[in-house]
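Let's take a walk through a structure together. Have the sequence and the 3D view ready, and follow along as we go.

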Amino acid sequence: MATQHSRSAARLMMAPAVILLLGWMLVPLTMTLYFSFKKYLPMRGGDLGWVGFENYIRFVTSSSFWPSVVTTLTIVGGVLLITVVLGIFLAILLNQPMWGQGIVRILVIAPFFVMPTVSALVWKNMFMDPNYGLLSYLWEFFGAQPVEWLSKASMTSIITIVSWQWLPFATLILLTAIQSLDSEQLEAAEMDGASAPKRFAYITLPHLGRAITVVILIQTIFLLSIFAEIFVTTGGAFGTKTLSYLIFQRVLESQNVGLGSAGGVYAIILANIVAIFLMRIVGKNLDA
Amino acid sequence: MGRITLDKVTKSFGDVNVIPPLDLTINDGEFVVFVGPSGCGKSTLLRLIAGLEDVTSGQIRIDGEDATNLPPAKRKLAMVFQSYALYPHMSVRKNIAFPMKMAGVDEAEQKKRIEAAAKALNLTDYLDRRPGQLSGGQRQRVAIGRAIVREPSAFLFDEPLSNLDAALRVNMRLEISELHNQLETTMIYVTHDQVEAMTMADKIVVLRAGHIEQVGSPLELYRAPRNKFVAGFIGSPKMNFIEGAVAQQHGAETIGIRPEHITASETDGMWSGKVGVAEHLGSDTFLHVHDSGLAETITVRVNGEFSLRHGDTVYLTPEMDKVHKFDAQGLRFE
Ligand SMILES: Nc1ncnc2c1ncn2[C@@H]1O[C@H](COP(=O)(O)OP(=O)(O)O)[C@@H](O)[C@H]1O
Ligand SMILES: [Mg+2]
């Protein structure tokens, strides 16, 4: 990329991708903004003209707004905590030389290939069903009253399901990071008198810093907008209504596109606030 | 104190026997160099002493005590790795402090030792940098600093200079020798480079395929190599080996003669050949002589001003009292 010529050639060749990406992003964003200032009820009169900030005010003042923000953040936080902690644990285990390592690794990755809708259905019907779910058998086996997971422990259930889906991703990223740890560093620490827990705390964990950051950032992006798992299991009931689910209800169930679009803009703002916080907390790990 | 004894130590990785039974004593304060070609088991031997690998059989004693099953941290040995193995996310200061922190040395003492080490190793200005911001030579010194502050009974070095450029290597060689003179602590140094072995060692241990071929001072090995392997390994450029009729005249299967023990002349001599490549070092020139009928190439050291060119005829005369004789097993005899 040194000469004038090669630089302009590079720009020319990148242009299609950049234009496509921009269009992909800008068109929906513009439309969301456009509709958020309109009263637009597709089945009840269509476009009823401009209403200024009315949609925005209605969306925040609705009694569902703040609980939905809290629910969203709780799910994101809970899943991040579980996947990072268990992911580190699993990555360390999988990094040990053992018989059948290849197969075990594939099995660990497998949940990631199951579609969210399918895995949520499997969890709902096979594990968490209070009558014939596996967990209810387990509870009965120990003489306990089966739990009605999705209604009585709804948040726990959803966090469990989503964590199960994302654990492979976290494990995979952390495993590759652990594999890149120079074993001589661990040996040096061992000779320096560090016990196994201290070697983990002083050598392995700092080495994983960047990978953990990547896991947190990428998962947050996807977790802020989880939908299928909630739609399939609780349908937003029992305090599991996230912001994106609330928007879905406004647009499709109440057929109020304007109100939903205003919610969409709030979702963008929430995502940015979360992103700023995350970059403050963990972003420095990304500097080389 | 730092007297290390290996008693019939062996090491196998699965079916592969890397170290056959091996006995060796390293005396307190000695600078011992393990030298041998790549893959001969030098690192493995060092790691056995360090405790990073378990011996398959045999015993390791440190200062008379059985250390065979002691964990590395309990052996009071410090190791400098080839990759330096610095902790990348810690500053130089924290790197050097790490072993003391693990040992629970109090803060004031830590500070004192760090400053002393930094001063000795010219690291004072770099204490707050990360290893990634240092040059190769500085990283090397940090690794040495981290070893010094532990005040170990012996230092173990595994090819510590192989990642440095030639000029720096010569410098660090001197610095490590200097350090040994100052500390008078046992040092075990692993290298595949016979120049490092010759210049630094009190005692050289020549290894081949896990076997000790010979143990001795640098000059002992140079003057009286026990066999062809040691003769060819020690000394640079390599000793010339001559077989056939000329060797038989000396009553030997093979004779060896070092490049510096052959005189070259333009007019007369015992053997003749054609000059091939001439390597000019300034002070000396190494001539590679072909078509002498003795061996494919005979290397000869001549004066830097020697003026023969490629393709010229050259006459060679060996110094008879410097000729080494080897029998059919490759062992040297007088
Ligand atoms: N962990 C290991 N597993 C199997 N073989 C090994 C292991 N470490 C070293 N070896 C083998 O042992 C031999 C000696 O290795 P090493 O001590 O590293 O040689 P050197 O340091 O002299 O170059 C080599 O043939 C190497 O392949
Ligand atoms: Mg080695």
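What you're looking at is a predicted model, where local features need pLDDT of at least 70 and side-chain atom pairs count only at pLDDT 80 or more, while totals for chains, interfaces and linings use all residues. As for bookkeeping, residues are numbered from 1 along each chain as its sequence is written, chains are lettered from A and ligands numbered from 1 in the order in which they are written, and side-chain values use heavy atoms, leaving out hydrogens and water.

Take chain A to begin with. Its C-alpha atoms fill a box of roughly 75 × 75 × 30 Å along the principal axes. Of its 288 residues, 41% are buried.

Now for the aromatic rings. Rings of Phe, Tyr and Trp (for Trp, the six-membered ring) make a pair if their centres lie within 6.5 Å; planes under 30 degrees apart are stacked, over 60 edge-to-face, and the rest tilted. Over all chains, the structure holds 31 such pairs. In one of them, the ring centres of A:F37 and A:F53 are 5.2 Å apart and the planes sit at 90°, so this pair is edge-to-face. A:F37 is partly exposed, at 22% relative accessible area, whereas A:F53 is exposed, at 55%. Another pair joins A:W139 and A:W149: their centres are 5.5 Å apart and their planes at 85°, so these two are edge-to-face as well. Here A:W139 is partly exposed at 27%, and A:W149 is buried at 15%. Going back to A:F37 and A:F53, both belong to one aromatic cluster, along with A:Y56, A:F59, A:F65, A:W66 and A:Y266.

Finally, hop over to chain B. Which residues surround ligand 1? They are B:F13, B:V18, B:S38, B:G39, B:C40, B:G41, B:K42, B:S43 and B:T44, where being near means having a heavy atom within 4 Å. This shell divides into 3 nonpolar residues, 5 polar and 1 charged; Ala, Val, Leu, Ile, Met, Phe, Trp, Tyr, Cys and Pro count as nonpolar, Asp, Glu, Lys and Arg as charged, and the others, Gly among them, as polar. Zoom in on the oxygen atoms of ligand 1: one is 2.6 Å from a polar backbone atom of B:G39, and a polar side-chain atom of B:S43 lies 2.5 Å from one.

Definitions and conventions
Polar contact = N/O pair within 3.5 Å; in protein donor to acceptor, adjacent residues only side chain to side chain. Buried < 20%, exposed > 50% of the residue type's maximum accessible area, 1.4 Å probe, protein only.
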